[in-house]
Amino acid sequence: MSVAYPWLEPVWQRLLATRSRPAQALLLAGPRGVGKSALALEWARALLCEAPRPDGSACGVCPACHWFETGAHPDFRRVGLQEKTSKEGETRLATAIEVDQARDAVDFVQLSTYRAGYRVVLVDPADSLNLAAANALLKVLEEPPLNTVFVLVADQPRRLLPTIRSRCTRLDVGLPALAQATAWLGEQGVDDAPTLLALAGGTPLAALGWCEGEVLDERRGVLEGLARPQALDPVTLGERWKAVAPQTWHDVAYKWLGDLLAVRLGGSVQFNQDFIDVLATLGREADLGKLLALAKTQADEGRTLAHPLNRSLQLQAWLVEYRHVFD
């Protein structure tokens, strides 16, 4: 049985080869958008299947597979980011996995298994464990109960505690070959796959995400404004762009600055291939010191995207600073 995405097949075969003696703590590491979560789920399903195929993959028809499909398998627990509702009634995804969630997982693995097979705990994204949660989980990772398998998924494994990393068997999931990713995106009906892959840093699922809703139109609107720094009006654009999702704005602006820096330092455009001529011109005109300072500010703001700041004022201040890069 094939795994969800064709570029995962080599990694999938390596996992299946360990089906009889799986790592008790597995760390799937790699860039966001390559399908690590889907791979982790498929691995959990294979371990819990009660009539696996000869290659070790899940049969898809046994009771365990049916329970897994409905999210009701009693020996599977998924630990991830939870939705939280503010006092104002706004629902947002939490930015960290809390200690209570980790303690629930620890309690879960102390119980006897329901089906006398493996018990699987999937932690995704594991690099969002806060310090208390990571320490709580560390206790069971040191000595997992019998037939218990932890699968940790991380885009940035360096954010995990060294003591957690050292207790895991790490399996890296890299970027697919450009031709394979382009062909897959073409099968999904995506036009101009090479440009989207460049924008997504080569990750096909992230490239597909750019096609959802109005994200591409929003990106183009923002970049057309940034392409004319001397003509932009911070007040007008700040008001207009406050409707753009904070994460989209951050990604678009961060990659734009990254391309400007690359050109200014003598490199080439990496992300915004459809603005390559504009970037080549602006990059040569940019003040390197101011550009570096703005890029650092943009990177730091990535940690406060969920903060209830005045978006319009925040954008206006950023645009004023951006304009000064080309004074």
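A definition before anything else: a salt bridge here is a side-chain nitrogen of Lys or Arg within 4 Å of a carboxyl oxygen of Asp or Glu. Keep in mind that this is a predicted model. Searching the whole structure with that definition gives 14 salt bridges.

Strand S1, residues 25-29, runs parallel to strand S6, residues 148-154. How many bridges join S1 to S6? Five. Leu28 stands opposite Val153 in S6.

Start with Asp155 and Lys36. Their closest N and O atoms are 2.7 Å apart. Where do the two partners lie? Asp155 is in the loop between S6 and helix H6, while Lys36 is in helix H2, so the pair ties together parts 119 residues apart in sequence. Is Lys36 buried or exposed? Lys36 is buried, because its relative accessible area is 4%, and the cut-off for buried is under 20%. Asp155, at 23%, is partly exposed.

Stay in helix H2. Glu42 and Arg45 meet in a salt bridge through their side chains, 3.1 Å from N to O. These two are three residues apart in the helix, so about one helical turn separates them. Both Glu42 and Arg45 are buried.

Arg45 has another partner to show you. Arg45 also forms a salt bridge with Glu69, with 2.9 Å between the closest N and O atoms. This pair links distant parts of the chain: Arg45 is in H2, Glu69 is in helix H3, residues 63-69, and they are 24 residues apart. Compare the two ends. Arg45 is buried, at 10% relative accessible area. Glu69 is exposed, at 54%. There is a network to look at as well: salt bridges with shared partners join Arg219, Arg220, Glu224 and Asp274.

On to the helices. Two packed helices are described by the angle between their axes and the distance between the axes. Take H12, residues 246-264, and H14, residues 288-301. Their axes come within 10 Å and cross at roughly 150°. An angle over 145 degrees counts as roughly antiparallel, so that is what H12 is to H14. The crossing is left-handed. What meets at this contact? From H12, the residues include Trp249, Tyr254, Leu257 and Leu261. From H14, they include Leu288, Leu291, Leu292 and Ala295.

Last stop, Leu282, in helix H13, residues 276-285. Leu282 counts as buried because its relative accessibility is 6%. Which residues touch Leu282, leaving aside neighbours within four places in sequence? Leu226, Ala227, Pro229, Trp256, Leu260, Tyr322 and Phe326. Pick out Leu260 on your screens. Leu260 is 22 residues from Leu282 in sequence, yet their C-alpha atoms are 7.0 Å apart. Leu260 is also among the H12 residues that meet H14.

Definitions and conventions: Residues numbered from 1 in each chain as written. Predicted model: local features only at pLDDT ≥ 70, side-chain atom pairs only at ≥ 80, totals over all residues. Heavy atoms only, no water. Pairing = 2+ DSSP bridges. Helix = DSSP H or I, 4+ residues; strand = E, 2+ residues; numbered from the N terminus. Buried < 20%, exposed > 50% of the residue type's maximum accessible area, 1.4 Å probe, protein only. Contact = heavy atoms within 4.5 Å. Axes fitted to C-alpha atoms, helices over the stretch in contact; angles between N-to-C directions. Parallel < 35°, antiparallel > 145°, perpendicular 65-115°, else oblique. Left-handed = near helix turned anticlockwise from the far one by under 90°.
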